[in-house]
Amino acid sequence: MGLKILLGICYILFFIFLPLYDKAYWPEPTKKSLTYKIVAATMFVVIAVIGMFMTDNSSQYASTMIMGLICGWFGDILMHIPSKKNMTCLYIGAAGFLVGHIFYVMAFVNGAKSFSENYKFFTVPELIAFIVIYVAFLLMLKPVFKFNFDSKFLQYGLYLYGIFLIGMLFKVIGFAVTYFKYGAGNNLISMFLLIVAGFSFFTSDLTLGIRLLGGRKDSKFIKSLSLYTYFFAQLLLSTSILLIKA
């Protein structure tokens with residue numbers, strides 16, 4: 001009972017501090033917005049840990065997912081700190097998110113393997129679809145999304161990040177469908193939760209790029225959309241530990 005109450009408090013705090021963070025973060029980050037962000041980000045990590053203990057979920061999926069959430073937590077903090085003169089925190093924070101995506105992909109791939117002995121990381125149709133979507137993504141960066149790169153390092157870093165972002169979307173959908181197909185516990189709600197989380201992550205990172213590199217820094221809507229879709233994606237992934245053992 002105590003863990004359930006604590007879990008409920010974490011959800012409440014998350015939904016209280018997320019809009020406070022959104023409000024304090026506009027138009028520029030402040031110490032107050034950083035505090036609110038830390039609280040909201042800490043909640044999705046704590047929810048995952050509580051979920052692990054509540055359901056006695058010691059699966060590889062749960063432990064790997066928590067590692068990804070922790071990397072996201074560090075990325076959140078570091079990407080909130082940088083000034084225009086010092087971008088080190090920004091780059092390290094972005095690297096944290098990249099590592100977090102790798103952990104997520106590992107969780108989805110290993111989870112799918114646990115249900116299907118014939119699992120392949122990429123089937124030929126998946127590989128073709130991935131290449132088509134990735135190339136289309138690259139071709140749209142400048143003409144459609146108006147991305148403007150200040151350096152080659154940033155440009156090629158984004159290309160690499162795009163591989164992991166789109167790859168993660170493929171893997172989360174693949175795992176969600178596999179989990180549903182094999183009739184695992186809570187399979188329908190888990191599939192829905194994972195797919196929504198995957199598309200929320202994709203939307204968040206794309207809108208973040210549009211805001212920072214596409215000349216839309218003055219758009220409150222774009223900023224809020226990126227913020228909310230990111231935090232809801234993290235919340236859904238942390239909640240998945242309550243439902244999925246793989």
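Modeller: Start with threonine 229, which is buried, with a relative accessible area of 14%. The cut-off for buried is under 20%, so threonine 229 falls in that class. Keep in mind that this is a predicted model.

Colleague: Where is the place of threonine 229?

Modeller: Threonine 229 sits in helix 8, which covers residues 220-240.

Colleague: And how far is its C-alpha atom from that of methionine 191?

Modeller: The two C-alpha atoms are separated by 18 Å. Along the chain, threonine 229 and methionine 191 are 38 residues apart.

Colleague: Next topic. How many salt bridges does the structure hold?

Modeller: One. Aspartate 22 pairs with lysine 220. Their closest N and O atoms are 3.3 Å apart.

Colleague: Which parts of the chain does the pair link?

Modeller: Distant ones. Aspartate 22 belongs to helix 1 and lysine 220 to helix 8, 198 residues apart.

Colleague: Is aspartate 22 buried or exposed?

Modeller: Aspartate 22 counts as buried, at 9% relative accessibility.

Colleague: OK, surface now. Which residues form the nonpolar patch?

Modeller: Met1, Leu3, Ile5, Leu6, Ile9, Val49 and Phe53. Together they have about 700 Å² of accessible area.

Colleague: Which helix gives the most to the patch?

Modeller: Helix 1, with four residues. Helix 1 spans 2-24 and helix 2 spans 31-54, and each supplies at least two residues of the patch.

Colleague: What about phenylalanine 53, buried or exposed?

Modeller: Exposed, with a relative accessible area of 61%. The cut-off for exposed is over 50%, so phenylalanine 53 passes. You will find phenylalanine 53 in helix 2.

Colleague: How would anyone find empty space in a protein?

Modeller: Rolling a probe the size of a water molecule over the atoms shows where space is left.

Colleague: Last topic: backbone. Which residues does the cis peptide bond join?

Modeller: Tryptophan 26 and proline 27, with omega at about 5°. Proline 27 is in the loop between helix 1 and helix 2.

Colleague: Why point that out?

Modeller: Because most peptide bonds are trans. Most residues other than glycine also have a negative phi.

Colleague: What phi does lysine 146 have?

Modeller: A positive one, about 60°, although lysine 146 is not a glycine. Lysine 146 is in the loop between helix 5 (124-140) and helix 6.

Colleague: And what is the phi of asparagine 186?

Modeller: Asparagine 186 has a positive phi too, about 55°, and is not a glycine. Asparagine 186 lies in the loop between helix 6 and helix 7 (187-213).

Colleague: How accessible is asparagine 186?

Modeller: Partly exposed, with a relative accessible area of 42%.

How values were computed: Residues numbered from 1 in each chain as written. Predicted model: local features only at pLDDT ≥ 70, side-chain atom pairs only at ≥ 80, totals over all residues. Heavy atoms only, no water. Patch = residues over 30% accessible without salt bridge, like charges linked within 9 Å, V, L, I, M, F, W, Y side chains within 5 Å. Areas by Shrake-Rupley, 256 points an atom, 1.4 Å probe, with all protein chains shown as cover. Salt bridge = Lys/Arg side-chain N within 4 Å of Asp/Glu carboxyl O. Buried < 20%, exposed > 50% of the residue type's maximum accessible area, 1.4 Å probe, protein only.
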